[in-house]
Amino acid sequence: MEYQKEELFFAYITAEHFDKDRITKPVIHVTCSKHKRFGLKVEDVYCSLHEPKQWYKMEPKKSNENAEILQHFTVQFETLDFNYQRDIHITFDIKTISTIGNYYYELMDENWCKDLWAAAKNKNLTDVEIFVGTSKLMEAHRVILSARSPVLNSSLISSTEKSIVTFEAEFDFDTVKYFLNFLYTGRLKVCPKVKQMSQLADMYEVETLKNICQVLSASPPDAEQVTNYLLEL
């Protein structure tokens with residue numbers, strides 16, 4: 001099951017015995033091992049097997065050592081009738097909450113942020129020059145920088161002419177560009193230098209970016225950890 005165009009949830013069935021047209025003591029599983037990457041936590045999972053729908057609440061299966069690595073939910077039945085000629089159709093209702101304060105993924109017009117960023121790249125009515133050290137990176141719009149960062153707002157609000165914002169030379173060019181892109185679009189592209197991005201978020205008081213950097217800094221589970229967790233279930 002996909003979330004934000006990535007496979008996030010995985011569902012499968014285990015059982016004591018598979019007969020020709022019946023599964024004995026089947027257990028339906030739903031797992032999620034990428035939730036921290038999106039700043040999500042799965043709270044409740046329900047599944048439905050029949051029409052009209054009857055919903056069954058799936059119980060969380062936790063491990064004391066690996067509770068943060070993988071979220072796992074199960075529900076068990078005595079039997080499950082099925083036909084080899086057809087797939088088994090199971091509907092899931094998954095409730096998630098955001099672990100990143102004041103930052104949510106929503107349905108939205110995807111073009112507006114692209115258009116704003118294009119206006120900056122094409123120098124369309126830009127009134128701020130962006131430098132990294134002594135090298136010019138690009139131009140931007142005062143109103144957007146001021147609205148997104150209290151620190152930039154303080155430095156730009158009194159200026160009436162074209163302004164200059166200079167980032168310290170220690171910052172990587174691409175990292176600063178990703179930072180500016182986040183101010184314009186609210187989205188963070190893949191950034192290999194998370195530590196620098198986190199420093200920029202702190203320096204310019206961009207609260208949502210601070211929280212996202214905390215999520216990115218969390219060590220992802222490796223294959224061995226996930227395998228060990230599954231063996232404990």
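Reader: What share of the contacts in the protein with a separation of 6 or more comes from residues 24 or more positions apart?
Author: In this predicted model, such residues account for 65% of those contacts. The secondary structure comes to 7 helices and 14 strands.

Reader: How much of the protein is buried?
Author: Buried residues make up 36% of the 233 residues. As for the surface, the protein exposes about 14600 Å², with carbon and sulfur atoms supplying 48% of it.

Reader: Let's pick one residue. Why is isoleucine 100 called buried?
Author: Check its number against the cut-off. Buried means under 20% relative accessible area. Isoleucine 100 has 5% relative accessibility, so it counts as buried.

Reader: Where is isoleucine 100 found, and what is it in contact with?
Author: Isoleucine 100 is in the loop between β11 (91-98) and α1 (111-121). If you skip its neighbours within four places in sequence, isoleucine 100 has contacts with Phe38, Gly39, Thr208, Asn211, Ile212 and Val215. Glutamine 214 is 114 residues away along the chain, yet its C-alpha atom and that of isoleucine 100 are separated by 9.1 Å.

Reader: β14 belongs to a sheet, then. What is the strand order of that open sheet?
Author: The open sheet has 3 strands in the order β13-β12-β14, with mixed pairing.

Reader: What makes β13 and β14 edge strands?
Author: β13 (135-140) and β14 (163-167) each pair on one side only. From one strand to the next, the twist averages 25 degrees.

Reader: And how do you know that β12 and β13 pair?
Author: Count the bridges: two strands pair if there are at least two between them. Strand β12 (residues 128-132) and β13 have 5 bridges, so they pass, and the sense is antiparallel. Among the bridge partners are valine 128 and alanine 140, the latter in β13.

Methods:
Residues are numbered from 1 along each chain as its sequence is written. This is a predicted model: local features need pLDDT of at least 70, side-chain atom pairs count only at pLDDT 80 or more; totals for chains, interfaces and linings use all residues. Side-chain values use heavy atoms; hydrogens and water are left out. Helices (H or I, at least four residues) and strands (E, at least two) are DSSP runs, numbered from the N terminus. Buried means under 20% relative accessible area, exposed over 50%, partly exposed in between (1.4 Å probe, protein chains only). Contact means heavy atoms within 4.5 Å. Axes are lines fitted to C-alpha atoms, for helices over the stretch in contact, and angles run from 0 to 180 degrees between N-to-C directions. Accessible areas come from the Shrake-Rupley method with a 1.4 Å probe; for residues, only the protein chains shown count as cover.
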